[in-house]
Amino acid sequence: VNRGIGGQTTPQMLARMYADVIRLHPAAFVLLAGINDIAGNTGPETIDMVENNIRAMCELAASHHIKIVLCLLTPVSDYTKTNQTGHLPPADIANLNHWLQTYAPDVHAQVADYHAALADEKGMLREGYSEDGLHPNARGYELLAPVAEAAIEAALK
């Protein structure tokens, strides 16, 4: 069940955790979160605030025996007419992705490395895999689907 809402930040996602995840009793929970926080969609946030919100969601899931898949944020690029790196610094994405990778073992989470699946040799979102340099297009999602499937399968083992 897809409960993602475009543009939402981690505090908004945390507020929906019971209604949209826990009450549904899923076997696994796939979390892709943080890019909208970096963008400041709901106001300024520190990286610690984002990490704490992700921790809270993961701890809620774990306490309800729900397996966790943490998705690394996808890269962004300026290959389209939209300049994404100006308000979504690749260094901030890399920092949050590093934290997600090091945090995952703490909650026995699987990692879905969306970043590696879409990054080019410069670490940017591959040209032709997004219309706006941020959101993957159909070609991009073709690369992400097997990454998600493998992480879910590993989580459920």
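Strand β1 and strand β2 (residues 67-71) run parallel and are joined by four bridges. Strands are DSSP runs of E with at least two residues, helices are runs of H or I with at least four, and both are numbered from the N terminus. Two strands count as paired if DSSP finds at least two bridges between them. Within this pairing, Leu-31 stands opposite Leu-70 in β2. The model is predicted, so that local features need pLDDT of at least 70 and side-chain atom pairs count only at pLDDT 80 or more, while totals for chains, interfaces and linings use all residues. Residues are numbered from 1 along each chain as its sequence is written, and side-chain values use heavy atoms, with hydrogens and water left out.

In a regular strand the side chains alternate between the two faces of the sheet.

The next topic is charged side chains. Side chains of opposite charge can pair when their charged atoms come close. A salt bridge is a side-chain nitrogen of Lys or Arg within 4 Å of a carboxyl oxygen of Asp or Glu. By this rule there are two salt bridges. In one of them, Asp-20 pairs with Arg-3, and the closest N and O atoms are 4.0 Å apart. Because Asp-20 lies in helix α2 (residues 17-20) and Arg-3 in the segment before α1, this pair ties together parts that are 17 residues apart in sequence. Asp-20 also meets Arg-16 in a salt bridge, at 2.4 Å from N to O. Arg-16 counts as buried because its relative accessibility is 18%. Asp-20, at 21%, counts as partly exposed, and Arg-3, at 38%, is partly exposed as well.

Thr-9 is placed in the segment before α1 (10-15). With a relative accessible area of 0%, Thr-9 is buried. Leaving aside residues up to four places away in sequence, Thr-9 touches Asn-36, Asp-37, Asn-41, Thr-42 and Glu-45, where contact means heavy atoms within 4.5 Å. The side chains of Thr-9 and Thr-42 are also joined by a polar contact of 2.9 Å. A polar contact is a pair of N or O atoms within 3.5 Å; within protein, one must be able to donate a hydrogen and the other to accept it, and residues adjacent in sequence count only if both atoms are side-chain atoms.

Key
Buried means under 20% relative accessible area, exposed over 50%, partly exposed in between (1.4 Å probe, protein chains only).
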